[in-house]
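Thanks for sending this one over.

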Amino acid sequence: MTDERPIVRMPAACPASAVEGVGAADLCEIQHGLLEAIDHLVIATDVTGTILYLNTAARRHLGYGWEELIGRATPEVIHDHDEIAAHAATLTRLLGETVAPGFGVFVALAARGRPETRDWTCVRKDGSRFPVRLTVSALRNSGGACVGYVGVARDITETRRVEQELRIAATAFESQAAILITDAEQRILRVNAAFTGLTGYSAEEVVGRPPSILKSGHHDAAFYRQMWYALRLRGHWQGEIWNRRKNGEVFPEWLTITAVTDDGGAITHYVSTFSDISDLKSAESEIHHLAFYDPLTGMPNRRLLLNRLEQARAASNRSGRYGALLLVDLDHFKVLNDTLGHDRGDHLLGAVARRLRSAIREGDTAARPGGDEFVVMLEDLATDAAAAAVAAETVAEKIRTALADPYDLEGVQNYFNSASIGVSLFRGHDKSGDVLLKQADIALYKAKDAGRNTIRFFDAAMQTALEARAELEAGLRQGLQRGEFEVYLQPQVDPARRMVGAEALLRWNSRERGLVLPGEFIPLAEETGLIVPLGAWVIDRVCALLADWAHSSATRGLVVAVNVSARQFRQPAFVEEVAAALSRHGADPRRLKLELTESLLLDNVEVTVARMEALRALGVHFSLDDFGTGYASLAYLKRFPFEQLKVDQSFIRDLESDQDHAAIVHAIIDMGRTLRLQVVAEGVERSSQHQFLASHGCALFQGYLFGRPMSIGQFELWLASGPASNPPFPGTRERF
């Protein structure tokens, strides 16, 4: 940007008759100097809007140099085009004649007979924008003809900011909170509408008076001394205070007082804001109730129960008398929710709560920690453990009987629902609250195991069994991480005893426990969800084996069957995981067979079929395991893409001695033939069983008659030596 520029002689700016002693040219120079000195933006144009002159302030605000703007049209360079178009439309409506967007807007404004001042948006060279207040005037020659225009603008960015702050302050003052302003002598100067609405006093009634007119009398002089001490020390105070309305009503409020000081630090005013917290007080009471009581039944919740349990333990420690904790769980409550709906489930919980209260003594506690579980705490039973147990059992039996009576559940009459109860005794501080609840839960678990609708007490044997289960679960997790699991194989043969494949079985060689049989760890793996990673590992290991076997003519045509748990199959990514394992190892999908149980067919049928079809499309085969022990109907069976049925070994075991079992097996083989399904008999241990099955058309066989479960290495050696040399190995079948 350069400061060298021609001096523009604006028409009519320099009068013919100069000030005495000052020539016309000198006067023009003075005017030009004034224009350059002022902080307002000054821009002069000809009649077409072409810029002829802009002062230093204009160049500084806009960011342009002299040579960048001279000769250019102002609307195109420094104005917001949309804003000009909007003004053109407005002027067209006002004047009744068309005003063209562009410089015509400023011409129309200047032609209205007086300088026109309006707010506009200017655009800097860098594209940023700022507001200005612009006055446009016509420049005329001595004959009165318009020869150009001059615009004088002032940057109003700061003005806008101050106006906005004033609007915010005014809005804040008229907010929902009551505001009171006093002078340094605590005389009220101003209040807002919220103050009037909250206290009932109008501004005229309180201006000039002290805020003490609101005192309720609930606070003593010491309270106010402390308040004013804090106010003078820190410049503000806030807290809860009770004040009085004009009608005499006392109410709680949250008050904040702030001292306003001048530049010298002297207090000039006090600003007080306050709000009615009556609703908050009520809400606090409600929150307290929600924090300690169950909202559905109104009974103490777990938090309050533990608090009372601590008090009961302390009282027991002083008196030496036993107490008891009863954990009450409704049997089959989920069935009610699933069949009759959660509304009736809630109705039942409310009815149970009422019966529990009526079944216990005054001073005892009945609580609902959550779900369908309730806890009853009995105190002051007896100093002798046996007598205390008898007393606790008496109450528990009373509760069990009361809860077993029929219920009326909003239109469902005579609904029966029993409860199981676990009991744990305590005296003093011998057990923590958490331990007591844990022991009662163990006892409850045993009551459920005993058939439900019964009572069980906690004892050491229960604790030992639970700890053993926890150790086994931890061992399972460690075993999976350490690689302690191994795939075993059991042969499958055709009627001529030719090898056609094998079933993959899982063994756990634990460092600490040695060989753990599947019957011990598979149910726990199912319950804990560890069956999912275990099953995925087995499939991956079998895919690797199939890829390895593909290189040998002795094993290339064998099929390996893998049991898949329902929990594993229901994983959303199961299909992708199987496909990934096959692809990862390059295994032939046609050599992989997945065995599913009937229980899987009864839930989410459409999803199950879709996943099976997706795997079938890859080439994977399916077998229905343990057929005859579940509930799958023929109609269901036809919907699923199975190629095989495996007759459960319980039917094979008694085949020769039980005519009913023989008839069932015969019928299953015929049904399989009709449905074009191979029938596999598992658990074949005697030649007579094999002969019966083969004579009735059974396609495949598996059992100790043909080979026992072996490690992969043993299986391959067994194959190399010839299956016929492997002697029968009687015993029970083990499975994954």
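**Notes on spaces and helix pairs**

1. Let us start with a helix pair: helix 19 and helix 21 are roughly parallel to each other, since angles under 35 degrees count as roughly parallel, over 145 as roughly antiparallel, 65 to 115 as roughly perpendicular and the rest as oblique. Their packing angle is about 30°, and the axes lie 8 Å apart. Axes here are lines fitted to C-alpha atoms, for helices over the stretch in contact, and angles run from 0 to 180 degrees between N-to-C directions. Helix 19 covers residues 531-549 and helix 21 covers residues 574-585; helices (H or I, at least four residues) and strands (E, at least two) are DSSP runs, numbered from the N terminus.

2. A word on the source: this is a predicted model, where local features need pLDDT of at least 70 and side-chain atom pairs count only at pLDDT 80 or more, while totals for chains, interfaces and linings use all residues. Residues are numbered from 1 along each chain as its sequence is written, and side-chain values use heavy atoms, with hydrogens and water left out.

3. Which residues of helix 19 meet helix 21? They are Ile539, Asp540, Cys543, Ala544 and Ala547, and their partners in helix 21 are Phe574, Val578, Ala581, Leu582, Arg584 and His585 (contact means heavy atoms within 4.5 Å). By class, this contact of helix 19 with helix 21 has eight nonpolar, one polar and two charged residues. Ala, Val, Leu, Ile, Met, Phe, Trp, Tyr, Cys and Pro count as nonpolar, Asp, Glu, Lys and Arg as charged, and the others, Gly among them, as polar.

4. Now compare helix 12 (residues 302-319) and helix 16 (residues 433-449), which pack at about 110° with axes 10 Å apart. That angle makes helix 12 roughly perpendicular to helix 16. On the helix 12 side, Arg302, Leu305, Leu306, Leu309, Glu310 and Arg313 take part, meeting Gly433, Asp434, Leu436 and Leu437 in helix 16. Five nonpolar, one polar and four charged residues make up the contact of helix 12 with helix 16.

5. Ile43, Ile78, His79, Leu134 and Gly151 are the closest to its centre of the 18 residues that line it. The lining of the largest cavity divides into 14 nonpolar, four polar and no charged residues. On a 1 Å grid over the protein atoms alone, a cavity is a set of points where a 1.4 Å probe fits but cannot get out, and a pocket is an open set with protein on both sides within 12 Å along at least five of seven lines; lining residues have an atom within 4 Å of a point. Grid points are joined across faces, edges and corners, and a volume is the space filled by probe spheres set on the points.

6. Finally, the largest pocket has a volume of about 320 Å³. Of its 19 lining residues, Pro211, Ser212, Met227, Trp228 and Ile257 are the closest to its centre. By class, the lining of the largest pocket has 12 nonpolar, five polar and two charged residues.
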